[in-house]
Amino acid sequence: MVEHETAGDPMSDQKWVRSSLRKLSQELTEEGHQIGRMTVGRLLKELGYSLMSNRKQLAGSSHPDRDRQFRYIEKVKQLFLVNGHPVISVDAKKKELIGNFKNAGQAWCQDAEKVNVHDFPQDAVGRAVPYGIYDLLHNEGYIYVGTSADTSELAVDAILQWWQDDDRPPFPDESKLLILSDAGGSDGCRFRLWKKLLQDKLADQLGIEVMVCHYPTGTSKWNPIEHRLFSHISINWAGKPLRSFGTMLAYIRGTTTKTGLRVKAFLLDRVYEKGIKVSDKEMKALNLQRRRICPRWNYTLKPRCMPP
């Protein structure tokens with residue numbers, strides 16, 4: 001296929017035409033040039049044309065503090081690791097319909113899996129909301145699969161359960177925790193509920209200092225959890241229908257890499273309410289300290305009182 005584009009006023013009658021080799025040869029013949037589609041294809045190749053798909057390469061306009069924030073995250077991350085403090089990368093993975101539905105990718109088998117023609121939500125067992133935590137020091141992943149909505153409460157509950165997991169590897173100094181997160185989503189820098197629950201359930205309840213560093217908007221692929229955990233989970237279940245929550249959890253737990261990645265999976269089967277508001281008064285009551293560098297993306301929540 002060869003594409004001809006004519007840009008102009010969107011209110012005009014101009015058209016963009018996409019022509020096949022057959023159509024091009026037909027148009028050339030009508031202009032008095034006897035030529036077949038194979039010849040048209042050969043000539044196009046000689047001129048440097050080939051069939052190509054769109055390439056995601058243009059990031060668009062970037063925030064002026066983007067590089068500064070990346071340098072700051074790297075500095076803080078290394079400082080925490082050197083001093084034995086836990087560092088985790090967190091994010092919510094793409095929601096998945098649970099049922100007899102097609103799953104992207106291919107798998108070795110003698111017969112193709114037979115799945116539903118349509119992915120209708122009413123035919124699903126449920127909708128999975130996987131929230132992931134990646135432990136940078138120990139190369140371990142933890143996926144907490146919610147069954148309702150992707151909310152700040154789900155995110156903080158997952159982090160709290162990870163912290164209280166008796167089987168997780170200990171850190172030399174657990175008085176501080178660094179969380180690396182995207183700028184958007186349920187754990188984004190704009191969400192008041194995210195900050196309030198970090199204060200209530202982590203800083204106050206556990207008596208630890210929680211520092212959060214957000215990756216700038218549009219740079220989530222550099223968040224370690226994306227390429228060190230999520231991508232490998234997607235590869236492990238590629239082409240395999242996720243017919244039940246148990247099947248999904250089993251594929252998550254079976255994810256490994258040559259570097260020794262280990263993954264645990266848990267089900268958070270409770271309803272998380274959306275749209276919970278946090279008042280100005282509640283925000284002022286937080287023991288939140290914004291950092292001098294990129295304060296919108298970097299902040300610390302300290303305990304308001306030590307637990308008994």
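The model is predicted, so local features need pLDDT of at least 70 and side-chain atom pairs count only at pLDDT 80 or more, while totals for chains, interfaces and linings use all residues. Residues are numbered from 1 along each chain as its sequence is written, and side-chain values use heavy atoms, with hydrogens and water left out.

**Exercise 1.** Work out which strands pair with β5, and in which sense.

Solution. Strands are DSSP runs of E with at least two residues, and helices are runs of H or I with at least four, both numbered from the N terminus. Two strands pair if DSSP finds at least two bridges between them.

- Begin with β3 (residues 87-92): five bridges tie this strand to β5 in the antiparallel sense, and Ser89 stands opposite Tyr134.
- Next comes β4 (residues 96-98), antiparallel to β5 over three bridges, with Glu96 opposite Ala128.
- Then take β6 (residues 140-146), joined to β5 by seven bridges, again antiparallel; Ile133 has Tyr142 as its bridge partner.
- Finish with the turn: β5 and β6 form a hairpin with four residues between them, and Asn139 there has a positive phi of about 55°.

As for burial (under 20% relative accessible area is buried, over 50% exposed, partly exposed in between; 1.4 Å probe, protein chains only), eight of the ten residues of β5 (residues 126-135) are buried.

**Exercise 2.** Sort the side chains of β11 (residues 298-301) by direction, then find the strand's partners.

Solution. In a regular strand, side chains alternate between the two faces of the sheet.

- Asn298 and Thr300 point one way, Tyr299 and Leu301 the other, and all are buried.
- Strand β8 (residues 209-214) runs antiparallel to β11, with four bridges; Val212 is partnered with Tyr299.
- Strand β10 (residues 288-290) is also antiparallel to β11, through three bridges, and Leu288 stands opposite Leu301.
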